[in-house]
Amino acid sequence: MTHHGTSAATTPTTPVSVVGLGPMGLVLAEVLLAKGHPTTVWNRTEERASGLVAQGARLAGSITDAVSASPVTLMCLNTYDTMYEVFAPAHDALRGRALVNLNSGTPQEVHAAVAWASERGAGYLDGAIMVPPPLVGRPDAVFLYSGDRAVFDEYRAPLASLGDPRFIGTDPALAVLYNTALLHMMFASVNGFLQASALVGSAGVSAADFSKLALDWFTPTVVDPMLARYAPALDEADYPGELGTLVMNANALEHITRASAEQGVHTDLPRLMHEVAERAIRQGYGEHNYLAVYEVFKQASPTS
Ligand SMILES: NC(=O)c1ccc[n+]([C@@H]2O[C@H](COP(=O)([O-])OP(=O)(O)OC[C@H]3O[C@@H](n4cnc5c(N)ncnc54)[C@H](OP(=O)(O)O)[C@@H]3O)[C@@H](O)[C@H]2O)c1
């Protein structure tokens, strides 16, 4: 059998194996079971499967058993290196099977994994889960996939059991790249909020009080007029500065850095943002709007 299998493989009850039962893998397997997929599971720490077995999952005796039990194996491990370690004994069993990799990693790790799967004759789709575990299984839970379209099409039904599967391109690294980009956005925004809370916290303001005001302020004042308004112009490198210039904003970043120092809170984050803004000014974008800093982010970091 090839990994393209028969049409029976695309029925809503395709057997699925799940490898990796951390907080996310556990939920993937639970949802697949609840939606009627015969589900085989494997985890290094076998005890984590006990609840799933009680719900009807079959615990594989080995990784080879897990791969052989289903036409498609979803993996949800911590890293790509763990994948190689875990699947090493299943070398021959992988031929003609499909693997869907939901580990997080980097584009180069994805390309290496594609070659690894191809050497073993396995179909391979890379993916990224864009929701936390409690949202898995909802129809609006976004899962991104990229790479082999045939694998995506063939197993769309089990993938749709987990949420809203979106195929974003045949470059296999795209799902991981979107994932890391969106996570970066999450960390940058959350860290900005935490730095802001520490700054007002230095004057005795509780994070609870501050967060109410800050979260109400954020979308109408930052997301809508700045990001939503100017983001479509980024591709044209069009940064009109008529409502405020980069020089004005770099001045604000200098104030944030100095106020943080005065108030005895950490200065690394605002100092770094100030440095990036100054770099964009040196490159000639001072009279453009703040989003011209994008020109700096597109460049490789200078090697010092
Ligand atoms: N949790 C989330 O909110 C979330 C959201 C989106 C995406 N994800 C992604 O989903 C993936 C899994 O995340 P997670 O939260 O379930 O937890 P995790 O800590 O990233 O991964 C735990 C899994 O990796 C296994 N593992 C770790 N080292 C291993 C090794 N050396 N050999 C064999 N197995 C090993 C663990 O096995 P043991 O049980 O034996 O330790 C467990 O099955 C990650 O790539 C993560 O980025 C997670």
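Begin by selecting His37 and Ser161, whose side chains make a polar contact with each other at 2.7 Å. Keep in mind as you look that this is a predicted model. To place His37 in the fold, follow the chain through the loop between H1 and strand E2 (39–42), where His37 is found.

Next, select the second largest pocket, which holds about 610 Å³ of space. Of the 26 residues that line this pocket, Gly20, Gly22, Cys76, Leu77 and Asn78 are the closest to its centre. Colour the secondary structure as well, and you can trace helix H1 (23–34), helix H4 (80–87), strand E6 (123–129) and helix H8 (174–201), each of which supplies at least two residues of the lining. Colouring the lining by class gives 13 nonpolar, 10 polar and 3 charged residues.

Now stay with H4 and select its buried residues, which are Tyr80, Thr82, Met83, Val86 and Phe87. Turn the view until you look down the axis of H4, and these buried residues fall within an arc of 150 degrees, so they line one face of the helix. In general, an α-helix has 3.6 residues a turn, so residues three or four places apart point the same way. On the face of H4 turned away from its buried side, select the exposed residues Asp81 and Glu85.

Finish at the N-terminal end of H4, which is capped by Thr79, with a side-chain oxygen 3.4 Å from the backbone nitrogen of Asp81.

Technical notes
Residues numbered from 1 in each chain as written. Predicted model: local features only at pLDDT ≥ 70, side-chain atom pairs only at ≥ 80, totals over all residues. Heavy atoms only, no water. 1 Å grid on protein atoms, 1.4 Å probe; cavity = no way out; pocket = protein on both sides within 12 Å on 5 of 7 lines; lining within 4 Å. Points joined across faces, edges and corners; volume = space filled by probe spheres on them. Helix = DSSP H or I, 4+ residues; strand = E, 2+ residues; numbered from the N terminus. Nonpolar A, V, L, I, M, F, W, Y, C, P; charged D, E, K, R; others polar. Polar contact = N/O pair within 3.5 Å; in protein donor to acceptor, adjacent residues only side chain to side chain. Buried < 20%, exposed > 50% of the residue type's maximum accessible area, 1.4 Å probe, protein only. Arc of directions from axis to C-beta.
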